[in-house]
Amino acid sequence: MRIDIKPAALPDVEGMSQVLDKAWRENYKDIFSPEQIAAFTGDYRRKSFTNLLKNGTDVFVLLCDGEITAVCAAQTCEEKPFEGYAEIMLLYVLPEWQHKGIGKKLLSHTLRKMRGKGYKSAVLDTAEKNISARKFYEKFGFTERKTFVSRKFDEVTRVIYTIDF
């Protein structure tokens with residue numbers, strides 16, 4: 001199997017959207033309602049990815065044998081108290097490729113790129129009830145920031161994690 005990581009481009013939007021749609025349906029089925037999942041997948045996500053790419057956001061895709069299996073996006077965090085951090089906006093892996101090292105490869109790549117741009121730390125958040133993602137980030141080296149108020153997204157509590165490079 002050949003694994004490649006590359007910056008995403010507009011022709012990748014459909015593949016990235018499919019990754020996110022499948023990951024949301026599987027990973028969030030016990031966290032978000034079907035209506036919430038529908039609201040943040042499909043056309044909404046295609047438009048969102050298109051806007052990210054047009055705005056110059058760092059978006060990377062991981063391909064296994066030429067097929068997009070994971071997507072990760074990062075930008076400058078402008079939220080206090082994390083100003084100047086790289087913000088990992090999203091990291092999604094097709095459900096059938098999870099727990100095979102794909103997410104770790106793509107997140108490592110993204111953090112290296114952010115470090116190369118001068119960032120010294122990164123921040124991300126994930127649903128408090130998304131235990132699998134939380135374990136992944138903690139094993140990777142991220143630390144939960146308990147001293148800060150957790151974010152809410154559609155009434156789902158999200159936990160903030162940071163890592164220093």
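Quick definition before we start: helices here (H or I, at least four residues) and strands (E, at least two) are DSSP runs, numbered from the N terminus. One caveat on what we're looking at: this is a predicted model, where local features need pLDDT of at least 70, side-chain atom pairs count only at pLDDT 80 or more, and totals for chains, interfaces and linings use all residues. Residues are numbered from 1 along each chain as its sequence is written, and side-chain values use heavy atoms, with hydrogens and water left out.

Asp65 sits in the loop between β2 (58-64) and β3. Asp65 isn't a glycine, yet its phi is positive, about 50 degrees. Is Asp65 buried or exposed? By the cut-offs, buried means under 20% relative accessible area, exposed over 50%, and partly exposed in between, with a 1.4 Å probe and protein chains only. Asp65 comes out at 52% relative accessibility, so it counts as exposed.

His99 is another one: a non-glycine with a positive phi, near 70 degrees. You'll find His99 in the loop between β4 and α4, and at 73% relative accessibility it counts as exposed.

Then there's a cis peptide bond, from Lys80 to Pro81, with omega near 5 degrees. Pro81 is in the loop between β3 (67-76) and β4.

On to the helices. Axes are lines fitted to C-alpha atoms, for helices over the stretch in contact, and angles run from 0 to 180 degrees between N-to-C directions. Helix α1 (residues 13-27) and helix α3 (residues 43-54) have axes that come within 9 Å and cross at roughly 130 degrees. That makes α1 oblique to α3; for the scale, under 35 degrees counts as roughly parallel, over 145 as roughly antiparallel, 65 to 115 as roughly perpendicular, and the rest as oblique.

Who's touching whom there? Contact means heavy atoms within 4.5 Å. On the α1 side we have Val13, Glu14, Met16, Ser17, Leu20, Asp21 and Trp24, and they meet Arg45, Arg46, Phe49, Thr50 and Leu53 in α3. By class, that contact of α1 with α3 has six nonpolar, two polar and four charged residues. The classes: Ala, Val, Leu, Ile, Met, Phe, Trp, Tyr, Cys and Pro count as nonpolar, Asp, Glu, Lys and Arg as charged, and the others, Gly among them, as polar.

Now the other helix pair. The axes of α4 (residues 102-116) and α5 (residues 131-140) come within 12 Å, crossing at roughly 55 degrees. So α4 is oblique to α5. From α4, the contact uses Gly103, Lys104, Leu107, Ser108 and Leu111, and from α5 it uses Phe136, Tyr137 and Phe140. That splits into five nonpolar, two polar and one charged.

Two buried spots to look at. Asp12 is in the loop between β1 (3-7) and α1, and at 10% relative accessibility it counts as buried. Not counting residues up to four places away in sequence, Asp12 touches Lys6, Pro7, Val61 and Ile68.

Ala86, in strand β4 (residues 86-93), is at 0% relative accessibility and counts as buried. Leaving aside neighbours within four places in sequence, the contacts of Ala86 include Met114, Tyr119 and Val123.

Cys64 counts as buried at 4% relative accessibility.
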